[in-house]
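Let's take a walk through this fold, one piece at a time. Have the viewer open and follow along.

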Amino acid sequence: EETLPTAVAGLKVLGARGFNLTMPDKNLMVSLCDELSTAARIIGAVNTVVNENGRLVGHNTDGIGYMQSVKDAGYDIVGKKMTLLGAGGAATAILVQASLDGLKEISVFVRPTSRFYDRLVHTVEELTEITDCRIRICDFSDADVVFSILCVPPGSDFSCLIITVQERKCKRKFMILKCENVENRKIKKRG
């Protein structure tokens with residue numbers, strides 16, 4: 001982080017057309033850009049910088065990548081409802097881009113004690129002003145167990161079922177089941 005301003009200045013002097021960053025530099029890069037995309041401004045993080053004739057324009061492509069992956073998988077979710085668990089960096093990027101792209105409604109489940117809660121409230125306020133997306137913050141702090149299930153449809157590059165169980169008393173205890181072949185229900189326990 002300490003050397004980022006020097007590195008960015010060097011890339012600018014060299015005329016680099018653009019560059020990418022990751023954590024922990026994504027947040028600091030916001031202050032080093034001359035201009036920010038709407039998503040980067042709301043998210044408060046930049047992972048892609050484009051040099052437009054000496055002006056550094058910061059973008060956040062995390063949400064764009066997610067939305068494109070959903071589309072590539074054959075799903076049109078514009079105008080639909082979405083549910084997100086959590087409000088960390090990836091969830092925030094998805095929330096912002098999904099709202100900007102025209103989802104009808106997004107429910108974000110998060111504990112009010114989460115270190116990301118206040119940022120989420122601010123993000124939702126900002127998105128409500130500039131999009132038609134209805135965003136609800138839902139408290140699931142009284143849940144004893146949280147199940148997160150991801151099922152990738154057959155016909156994609158791989159088929160799997162991932163079930164994550166998080167118990168309140170043991171915050172970091174997860175169980176992941178992976179279905180190597182959904183059609184034959186062969187389940188292999190992992191993790």
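Axes here are lines fitted to C-alpha atoms, for helices over the stretch in contact, and angles run from 0 to 180 degrees between N-to-C directions. Helices (H or I, at least four residues) and strands (E, at least two) are DSSP runs, numbered from the N terminus. What you're looking at is a predicted model, in which local features need pLDDT of at least 70 and side-chain atom pairs count only at pLDDT 80 or more, while totals for chains, interfaces and linings use all residues. Residues are numbered from 1 along each chain as its sequence is written, and side-chain values use heavy atoms, with hydrogens and water left out.

Start with helix 5 and helix 6. Their axes come within 10 Å and cross at roughly 10 degrees. Angles under 35 degrees count as roughly parallel, over 145 as roughly antiparallel, 65 to 115 as roughly perpendicular and the rest as oblique. Helix 5 and helix 6 are therefore roughly parallel to each other. Who touches whom? Contact means heavy atoms within 4.5 Å. From helix 5 come Gly89, Thr92, Leu95, Val96, Ser99 and Leu100, and they meet Arg119, Leu120, Thr123, Val124, Leu127 and Ile130 of helix 6. Sorted by type, the residues of this contact are seven nonpolar, four polar and one charged. For that sorting, Ala, Val, Leu, Ile, Met, Phe, Trp, Tyr, Cys and Pro count as nonpolar, Asp, Glu, Lys and Arg as charged, and the others, Gly among them, as polar.

Strand 6 (residues 105-110) pairs with strand 7 in the parallel sense over six bridges, and you can find Ser107 opposite Arg136 in strand 7.

Helix 4 (residues 62-72) packs with helix 5 (residues 89-100) at an angle of about 70 degrees, with their axes 8 Å apart. That makes helix 4 roughly perpendicular to helix 5. The crossing is right-handed: a crossing is left-handed if the near helix is turned anticlockwise from the far one by less than a right angle, and right-handed if clockwise. Helix 4 brings Asp62, Gly63, Ile64, Tyr66 and Met67 to the contact, and helix 5 brings Ala93, Ile94, Gln97 and Ala98. Six of these residues are nonpolar, two polar and one charged.

Strand 3 (residues 48-52) and strand 4 (residues 55-59) pair in the antiparallel sense over five bridges, with Val49 opposite Gly58 in strand 4. In the loop between these two strands sits Asn53, whose phi is near 55 degrees, a positive value in a residue other than glycine.

Helix 1 (residues 4-13) and helix 2 (residues 25-32) are the last pair of helices on this tour. Their axes come within 10 Å and cross at roughly 60 degrees, so helix 1 and helix 2 are oblique to each other. Helix 1 passes helix 2 in a right-handed crossing. Leu4, Pro5 and Val8 of helix 1 meet Asp25, Leu28, Met29 and Leu32 of helix 2. Finally, Asp34 forms a salt bridge with Lys12, the closest N and O atoms being 3.5 Å apart; a salt bridge is a side-chain nitrogen of Lys or Arg within 4 Å of a carboxyl oxygen of Asp or Glu.

Terms used:
Pairing = 2+ DSSP bridges.
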